Amino acid sequence: MSKIDVRDLHFSYAKGPEVLKGLDFSLDGRSCALVGQNGAGKTTFVKLLKGLLRPSSGSILLDGRDIAGSSVPELARHVGLVFQNPNDQIFKNNVLDEVMFGPLQIGMGEGEARASALAALELVGLSGHEAVNPYDLGLSDRKMVSIAAILAMDTDVVIFDEPTIAQDHDGKERLARIVRDLSCQGKVVISILHDMDFVAQTFERVIAMAHGEVLLDADPRSVFSQRDVLERARLEQPTTAQLCHALGYEELFLSPQEFVDFYRSQHGSHA
Amino acid sequence: MAQIEVRNLKYRYPDAKRLALDDVSCQIERGEFVGVIGRNGAGKSTFTQALLGLVPNFYHGAYGGSVTIDGQNVRESSVDELCRKVGLVFQNPFNQVTGSKLTVYEEIAFGLENFGVPPKEMRRRIDAAMELLDIAQYKDRAPFDLSGGQMQRMALAGIIVMEPEVIVMDEPTSQLDPQGSEDVFRAVDVLRAQGKTIVMVEHKIEKIAAYSDRVMLLDEGRLVAMDTPRAIFSRDDLAEHGVVAPTYTQICRQLGVRSADGLYPVTLEETRSLLGAGGRGGEVR
């Protein structure tokens, strides 16, 4: 199982203000959601993990080795990043070529790359669309193509930047399954997200960032119970947790089913 | 007469086999906030494009029926006439940015320059829109240096300054953090209070439930239903149409807790008052 150690990581763009102000934590097999206000430094952080940006100071170790010693192409074998905007990533004329591009770049043979691409397309629900031009697909499907393109590379670390954008209920369920599968395979899964209901019901760990610093880092229930801290960071609780708060509950529930079970236990089976 | 009249609208994209919109008819009143929901591929984005005549005038394809705004058929309106009446905020803000402007302020001014609005009036409108959307601090930044969420608010500001009577939005908060999207919904609520007509596609079902007057549910290009949020989200067939009800509605349905009119609640406030009675008393803040 892979592991990432982030040590006193600082970053600023050119001579601008510091965007990351000393991050210190490790990422392991527990799927991790990265939440925080727009501008908190989340996307900057994942670009550093991917080696697209270099730290101003501090380091990132992948399985004990500082990634500063690896080139971007070397790192690409180990770290996959799905961009926020699929248009930044997609450039081939058909879906299959797009999804095979990454695997071929990191040295998979033609047959292996094809098999890997087809399996990834099945995971994202786009089997049968191999010959379609990605730009003839809607934004939600195009986003799924960009996700398949990373999954097909079978990297140890998989990073998603706002994967739920434009996804409907079925799309989100599919993404939740993909996150759990990757995590079960022992991969490091990190995702930037703004959908707190999705975070609460999908991820094992939540890191809340604000102004380039880590504010909270724990399991979803612990993080989402810190209502005051979340509010200061302009974050909100999952919907069910908001209802618990409004009703004055001490308990915190993260899904409608948890709430319903508790309510019934308190009010008898007629409720 | 309703401000927007959609009659038997049918549309098929060039080379597509199936209809993207299949016999959609509806009326939208002036000053109404209509939420448009449905699974991906239901026809939501196509519907927004049809309100501006982009379907079929820009995308071509097979078209039937009509869309009229204030009695004028959008297919027969000039782009100039239509832009003054209806503004569209795109699903992907990156597609809306002109790419020819160096600052956020100039980007927001783009539409007004094309309308020939006097500079003093331009400044007034731009300052007001930036304040409404809380983006004044980015005014000198380069548009493409903005984050997705900031860019989405800039794109909305660029439409608001043109003061259209109808604002059509396709997932305008998809890249915003929770507080940012709440801010946009509040801003849109202010615009509605000013008498603007709002049509918004959105997957954030709790927000649609809380803010819209009526909800259109689309599936496979057809209008399944158009009604109040409470009536729509109390339907038994939502799952068949790929939509889930707000969390509050799901909870109350499972518990069999209904409002006096037999419908399930869709907002936090309503749910609290229904579940709080006989409960342990809620803290209000």
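Reader: Which residues point one way from strand 3 of chain A, and which the other way?

Author: Some ground rules come before that. This is a predicted model, in which local features need pLDDT of at least 70 and side-chain atom pairs count only at pLDDT 80 or more, while totals for chains, interfaces and linings use all residues. Residues are numbered from 1 along each chain as its sequence is written, and chains are lettered from A and ligands numbered from 1 in the order in which they are written.

Now the general idea. In a regular strand, side chains alternate between the two faces of the sheet. Here A:C32, A:L34 and A:G36 point one way, and A:A33 and A:V35 point the other way. Helices (H or I, at least four residues) and strands (E, at least two) are DSSP runs, numbered from the N terminus.

Reader: Is strand 3 of chain A buried or exposed?

Author: Five of its five residues, 32–36, are buried, so strand 3 of chain A is largely enclosed by the rest of the structure. Buried means 20 or more other C-beta atoms within 10 Å of the residue's own; exposed means 12 or fewer, and partly exposed lies in between, with C-beta atoms placed from the backbone.

Reader: Which strands are joined to strand 3 of chain A, and by how many bridges?

Author: Strands of a sheet pair through backbone hydrogen bonds, either parallel or antiparallel. Two strands pair if DSSP finds at least two bridges between them. Strand 8 (residues 188–192) of chain A runs parallel to strand 3, with three bridges. A:A33 has A:S191 as its bridge partner there. Strand 9 (residues 205–210) of chain A is also parallel to strand 3, with five bridges. In that pair, A:C32 stands opposite A:R205.

Reader: What is the order of the open sheet of four strands in chain A?

Author: The order is 2-1-4-5, with antiparallel pairing. Strand 2 (18–27) and strand 5 (65–66) are the edges, each pairing on one side only.

Reader: Why is helix 10 of chain A largely enclosed?

Author: Seven of its eight residues (239–246) are buried, so helix 10 of chain A is largely enclosed by the rest of the structure. Its cover includes helix 11 (256–267) of chain A and helix 10 of chain B.

Reader: How many residues of chain B are in contact with chain A?

Author: 39 residues of chain B are in contact with 34 of chain A. Contact means C-beta atoms, placed from the backbone, within 7 Å. Helix 10 of chain B gives the largest share of chain B's side, six residues.

Methods:
Contact = placed C-beta atoms within 7 Å.
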